[in-house]
Protein chains: 2
Amino acid sequence: MIYPRVALIGLGLIASSMAHAMRAGGLAGEIVGYAKSAETRAIAKELFCDRVTDSAAEAVKDADLVVLAVPVGAMGAIAAEIGLHLKPGATVTDVGSVKQAVVDAVAPHLPAGVHFIPGHPMAGTEYSGPRSGFATLFQNRWWLLTPSESTDPQALARLRQLIEQMGAKVDTMDVAHHDLVVAVVSHVPHAIAYTMVGVADHMRRVSQSEVIKYSAAGFRDFTRIAASDPTMWRDVFLTNKDAVLDILGRFAEELFVLQRAIRMGDGDHLHAYFTRTRAIRRGIIEAGQDTAAPDFGRAVPTGKEG
Amino acid sequence: MIYPRVALIGLGLIASSMAHAMRAGGLAGEIVGYAKSAETRAIAKELFCDRVTDSAAEAVKDADLVVLAVPVGAMGAIAAEIGLHLKPGATVTDVGSVKQAVVDAVAPHLPAGVHFIPGHPMAGTEYSGPRSGFATLFQNRWWLLTPSESTDPQALARLRQLIEQMGAKVDTMDVAHHDLVVAVVSHVPHAIAYTMVGVADHMRRVSQSEVIKYSAAGFRDFTRIAASDPTMWRDVFLTNKDAVLDILGRFAEELFVLQRAIRMGDGDHLHAYFTRTRAIRRGIIEAGQDTAAPDFGRAVPTGKEG
């Protein structure tokens, strides 16, 4: 057992998966949960919490680890509510997809003697809510932590141990660098996927049923990443605005260069560009981040030549 | 047996998969192959062709079905070469990802009495070449045919039978509509994926190794669709220019609206937009075009919440 008592604030996909994983590994003595919705609390009590409470303040009482697993936009209010009820020496972490905004919102409300170690599990599915969690969600996935120079090494080591025993791999990095990295590898790809799905939705000459029928030709991968929780993604874009706008600007420039090459019929440019991007794909396969199987490791093959 | 003799011109992923599928189903009497490269011909002879020839003209001699499986940009030259050597009553089809450009390039070279039925198997992997084919590539995938009003119904029925027995589902549509549909579901998604991968490649502050390491957070799906054959994709964009530029223009407009909402901090707009795109995803799952499993049907889970 790593923490005698863990409080989960917010009981969606990530928190419920953590609860299942902690139970499976015997990592927590007691798991206490709080969510705004009474229905969510009832489901959590039934499925994965030892106890649920009617307030966040009550949930964190005597907890050794407090996990803030609410949308990024709600972190500040929750921190204000629990700050004075935290046990001295407790560790507080969060699971938000951006870190600077969370640090700004949460840190001012936490008393001295509480260890705040912001975190970001890079794991998820397109489903949300308390019934969507499962114990293996974090298996082999990255979980980024953004400790500061003053973070207590022992508190950090303990949290890292919990995360690793839930199956994830831990990396630590600077708060600002985290937000830029995730803008590149996650936030902007999501913005783009949402946009492409939106374009298809607006087409009049190509029917919705055609888009759906032939989606395996490339479009399907966009709908998959455009299907995650709307509230979470709204908050991501509102709170990681600077990095997202930076990368989106670069993307628009790059897209216009490609568009111009298409318009001018510049085949050499296109061929060279596509050859370069292919090399990046090879790097990802070599790094073990994906399978090279012809069916991309899926049960149902998904072709790309459409 | 559906065709006594089939000639495959071009011996890459699609042609080699067709050969494997035709063999597995006993659908062709003899499979003759031609490719520009002597090395490719030797591999084809070893792996899946009964016979290879030194010229395309020789390969199509007495063939009942001729399949043009070369890049779209090479179709016209091949058609000019084989036109006078085709057997009267033979069927000619192609497997190009665009159809109007192929019809324009090929049809003028075909003599009367030869049935030209353009086709587009919506199947593929990120691999290319004569060793990349496998018999089940077309299983449950769409194979679009774009016959004209004057297409011989018997010739069409026979080709359809071959395709269905290779495991694919056939749809027929108008040439121009085909090119617009694939621009939406395939060509523009590919252009965008290539662009995003290109942006990541240019970043200085985020290292290549970070991009690769954390790619599962959404970026990986982009690299997957940005990894296909560069020559094929160059030709796709050069030959389906109008439809691609039309959809890319809409995409850029839509992206700017999203970008502006992020800049202005318009959370209501973002939430409403993300909720709408999520509904399209549901439609694709309901249509059986993808799995709803938490791991998206992959062996290795790929999260989206990064």
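Two strands are taken to pair if DSSP finds at least two bridges between them, and strands themselves are DSSP runs (E, at least two residues), numbered from the N terminus. The model is predicted, so that local features need pLDDT of at least 70 and side-chain atom pairs count only at pLDDT 80 or more, while totals for chains, interfaces and linings use all residues. Residues are numbered from 1 along each chain as its sequence is written, and chains are lettered from A in the order in which they are written.

**View 1. An open sheet of three strands in chain A.** The strands follow the order E7-E8-E9, with mixed pairing. Strand E7 (119-121) and strand E9 (169-172) of chain A each have a single partner strand, so one side of each is left without a neighbour in the sheet. From one strand to the next the twist averages 20°, with axes being lines fitted to C-alpha atoms and angles running from 0 to 180 degrees between N-to-C directions.

**View 2. Strands E8 and E9 of chain A, which run parallel.** Four bridges join strand E8 (residues 142-145) to E9(A), and A:Leu144 stands opposite A:Asp171 in E9(A).

**View 3. The surroundings of A:Val66.** Leaving aside neighbours within four places in sequence, A:Val66 is in contact (C-beta atoms, placed from the backbone, within 7 Å) with A:Ala7, A:Ile9, A:Val60, A:Ile82, A:Leu86, A:Ala90 and A:Val92.

**View 4. Chains A and B superposed.** A rotation of 180° with 0.0 Å of shift along its axis superposes chain A on chain B (RMSD 0.0 Å), by least squares on the C-alpha atoms of residues with pLDDT of at least 70 in both. This is the relation of a two-fold axis.

Terms used. Two residues are in contact if their C-beta atoms, placed from the backbone, lie within 7 Å.
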